[in-house]
Amino acid sequence: MSGQVWVSLISLGGVVLGGMLSYLVQHRTQLSAERAEQQRQQHTLSEARRAERHALLERFIEVAAEAERSAFSRPADFDDNHPWYLKTQDVMNRLWVAERLIRVQFPLPVHDAARAYFLDLNRTVWHGLPEGESVRDYLEDNRLTFLDAAREVMTEPATVN
């Protein structure tokens, strides 16, 4: 073969090799960019889920506080038309919904604690407590158990479930 053919073949080989290297670099760069975008989307989703959970906890705690106030102000006698009953019925319905949403958004230990607190509140609001028992003391253990379980979940690193 003549020298020009060898030069042409070497030149062609260089072009092919350069093209392959260029393709590999572009492909790796594209994969890296896609992976970074996927991580960004996962982080955004995790933060959105965390914000949802925070709002739900705030809602549950707020309505539970209203229910506790209803338990403290429970009249000795009331009927279905009593203003306390009407207001309390609305509060307890909202608490029931918030408790169910806790089950949807949180791990079961948090829901179990919320459920126990809800049941204590429900019992205290509608049936009262024996004479001499304190509403605050009766509700304290399950309230704190719920708050501790919620805090534990909220302080964990954000993950997409």
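The model is predicted, so local features need pLDDT of at least 70 and side-chain atom pairs count only at pLDDT 80 or more, while totals for chains, interfaces and linings use all residues. Residues are numbered from 1 along each chain as its sequence is written, and side-chain values use heavy atoms, with hydrogens and water left out.

**Stop 1**

Start by selecting Phe-60. Setting aside residues up to four places away in sequence, Phe-60 touches Leu-95, Ala-98, Glu-99, Ile-102, Ala-114, Tyr-117 and Phe-146.

Now widen the selection to the largest nonpolar core, which has 30 residues. Such a core is a set of buried Ala, Val, Leu, Ile, Met, Phe, Trp, Tyr and Cys residues joined through side-chain atoms within 4.5 Å. Buried means under 20% relative accessible area, exposed over 50%, and partly exposed in between (1.4 Å probe, protein chains only). Phe-60, Leu-95, Ile-102, Phe-106, Val-110 and Phe-146 have the most contacts inside this core. At least two of its residues come from each of helix 1 (3-72), helix 2 (83-105), helix 3 (108-127) and helix 4 (135-155). Helix 3 gives the most, with eight residues. Helices (H or I, at least four residues) are DSSP runs, numbered from the N terminus. In soluble globular proteins, nonpolar side chains tend to be buried together.

**Stop 2: helix 3 against helix 4**

Next, colour helix 3 and helix 4. They pack at an angle of about 160°, with their axes 8 Å apart. That makes helix 3 roughly antiparallel to helix 4; angles over 145 degrees count as roughly antiparallel and under 35 as roughly parallel. Axes are lines fitted to C-alpha atoms, for helices over the stretch in contact, and angles run from 0 to 180 degrees between N-to-C directions.

To see the contact, show side chains including Val-110, Ala-114, Tyr-117 and Leu-121 of helix 3, and Tyr-138, Leu-139, Phe-146 and Val-153 of helix 4. The residues of this contact divide into 14 nonpolar, three polar and three charged. Ala, Val, Leu, Ile, Met, Phe, Trp, Tyr, Cys and Pro count as nonpolar, Asp, Glu, Lys and Arg as charged, and the others, Gly among them, as polar.

**Stop 3: helix 1 against helix 3**

Select Phe-60, Ala-64, Ala-67, Glu-68 and Ala-71 of helix 1 with Ala-114, Tyr-117, Leu-121, Thr-124 and Val-125 of helix 3 to show the contact. Its residues divide into eight nonpolar, one polar and one charged.

**Stop 4**

Go to Thr-88, which lies in helix 2. Thr-88 is buried, with a relative accessible area of 1%. Leaving aside neighbours within four places in sequence, Thr-88 is in contact with Ser-70, Val-125 and Trp-126.

Then click on Arg-115, in helix 3. Arg-115 counts as partly exposed, at 27% relative accessibility. Apart from residues up to four places away in sequence, Arg-115 touches Glu-99 and Arg-100. Draw a distance from Arg-115 to Phe-146: their C-alpha atoms are separated by 8.7 Å, with the two residues 31 apart along the chain.

Finish at Glu-131, in the loop between helix 3 and helix 4. Glu-131 counts as exposed, at 84% relative accessibility. From Glu-131 to His-27, 104 residues apart along the chain, the C-alpha separation is 76 Å.

Note on methods: Contact means heavy atoms within 4.5 Å. Angles under 35 degrees count as roughly parallel, over 145 as roughly antiparallel, 65 to 115 as roughly perpendicular and the rest as oblique.
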